[in-house]
Amino acid sequence: MTAIEKFQVSLEAAEAYEDLFVPGIFAEWAPLIVEATGVSPGQAVLDVACGTGIAARTAADVLGGSGTVVGTDLNESMLTVARRVRPDLTWQQADAQHLPYPDRSFDVVLCQMGLMFFDDRVAALSEMARVVTSDGKMGLVVPSKIENQPAYSRLTEIVADEAGPEGAALLSTYWSCGDADELTSMLNAAGLRVVTLYEHPGTASFASVDDLVKTEIEGSPLYSRITEQTYQRIRERARSALGEWETNGRLDAPLRGLVVCAGR
Ligand SMILES: C[S@@+](CC[C@H](N)C(=O)[O-])C[C@H]1O[C@@H](n2cnc3c(N)ncnc32)[C@H](O)[C@@H]1O
């Protein structure tokens, strides 16, 4: 199976991503990555692993019609939604590890909440370094490590208790790039240097704790390895462990992330 085949999701899943996850989690980070990289009118901007395009759209709003924005993702359904929402921008299927662009062709390269999913992260960062101009900027957002995630670490502890440490490890992809020192080493290995790096205290907003648990468990390989009873116990324990962040019928759980600007 090629990387492109592995990453396909249905159009319904991509629409749900745009309707639920972009407002609930991802929209908050787009102005931060755009600001960190100093996107300004006239520039050429590339958004790698753009999903349905929230960072690309935010950059395009700052460009105000002067400059170009290209969004790339492995997933054709994500790009279909991106095209529907912003038909005026360019959307192209591409693997972050093999970008189909000439050297030094973008002033700014953005990659928001994508790096964790790449098989070879240094290769992907090297590709981003290759396509950015010599005085251009590369922006990254990744979730912080699990130790810095008060809500998600409670869920991980419950899962480790109910499904064993191997079960909890299956939830770990999301947090796997969130150590600032390791991330800096990865960027350096790709020929990039950190210009600015800070941790932002973001929020994951869901209708309920059950919805957060559903997203994390059913969206991970753990789901196919646990019984319905184990899933039920995880749900019940999470309701009380994460209840402090649920108010007026909504859950606003802390989700910390690193915002990085790098240069060559
Ligand atoms: C959590 S989403 C983030 C999307 C978007 N940047 C945002 O902030 O909403 C991760 C995205 O990475 C994409 N992805 C995973 N591996 C990829 C790869 N090797 N090359 C390009 N995109 C990839 C997925 O298809 C998905 O759209």
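Student: Where is Arg 104 found, and how do you know which stretches count as strands?

Tutor: Arg 104 is found in the loop between strand S3 (90-93) and strand S4 (106-112), where strands (E, at least two residues) and helices (H or I, at least four residues) are DSSP runs numbered from the N terminus. This is a predicted model, in which local features need pLDDT of at least 70 and side-chain atom pairs count only at pLDDT 80 or more, while totals for chains, interfaces and linings use all residues. Residues are numbered from 1 along each chain as its sequence is written, and side-chain values use heavy atoms, with hydrogens and water left out.

Student: Why is Arg 104 called partly exposed?

Tutor: Buried means under 20% relative accessible area and exposed means over 50%, with partly exposed in between (1.4 Å probe, protein chains only). The relative accessible area of Arg 104 is 46%, and therefore Arg 104 counts as partly exposed. Arg 104 also has a positive phi, near 55°, although this residue is not a glycine.

Student: What is the phi of Met 113, and is Met 113 buried or exposed?

Tutor: Met 113, which is not a glycine either, has a positive phi of about 55°, and its place is in the loop between S4 and helix H6 (121-131). Its relative accessibility is 6%, which is under 20%, so Met 113 counts as buried.

Student: What makes helix H4 largely enclosed?

Tutor: Helix H4 spans residues 54-63, and eight of its 10 residues are buried, so the helix is largely enclosed by the rest of the structure. Among the buried residues are Ile 54, Arg 57, Thr 58 and Leu 63. After H4 comes Gly 64, whose phi is positive, near 60°.

Student: How do you know that Thr 52 is buried, and what does Thr 52 touch?

Tutor: Thr 52 sits in the loop between S1 and H4, and its relative accessible area is 0%, which is under 20%, so Thr 52 is buried. With contact meaning heavy atoms within 4.5 Å, and not counting residues up to four places away in sequence, Thr 52 touches residues including Ala 14, Tyr 17, Arg 57 and Met 78. Thr 52 and Thr 72 are 20 residues apart in sequence, and their C-alpha atoms are 9.6 Å apart in space.

Student: Why is Thr 72 called buried?

Tutor: Thr 72 is found in strand S2 (residues 68-73), and because its relative accessible area is 0%, under the 20% limit, Thr 72 is called buried. Leaving out residues up to four places away in sequence, Thr 72 touches Leu 46, Val 48, Leu 99 and Tyr 101, among others.

Student: What makes a group of residues a nonpolar core, and how many residues does the largest one have?

Tutor: A nonpolar core is a set of buried Ala, Val, Leu, Ile, Met, Phe, Trp, Tyr and Cys residues joined through side-chain atoms within 4.5 Å. The largest one here has 88 residues, and Met 128 and Met 138 have the most contacts inside it. The largest share of this core, seven residues, comes from strand S8 (residues 250-263). Leaving aside neighbours within four places in sequence, Met 128 is in contact with residues including Val 48, Leu 99 and Met 138.

Student: How do you know which residues surround the ligand?

Tutor: A residue is near a molecule if one of its heavy atoms lies within 4 Å of it. There are 19 residues around the ligand, and the closest are Tyr 17, Ala 49, Asp 73, Ala 96 and Gln 112.
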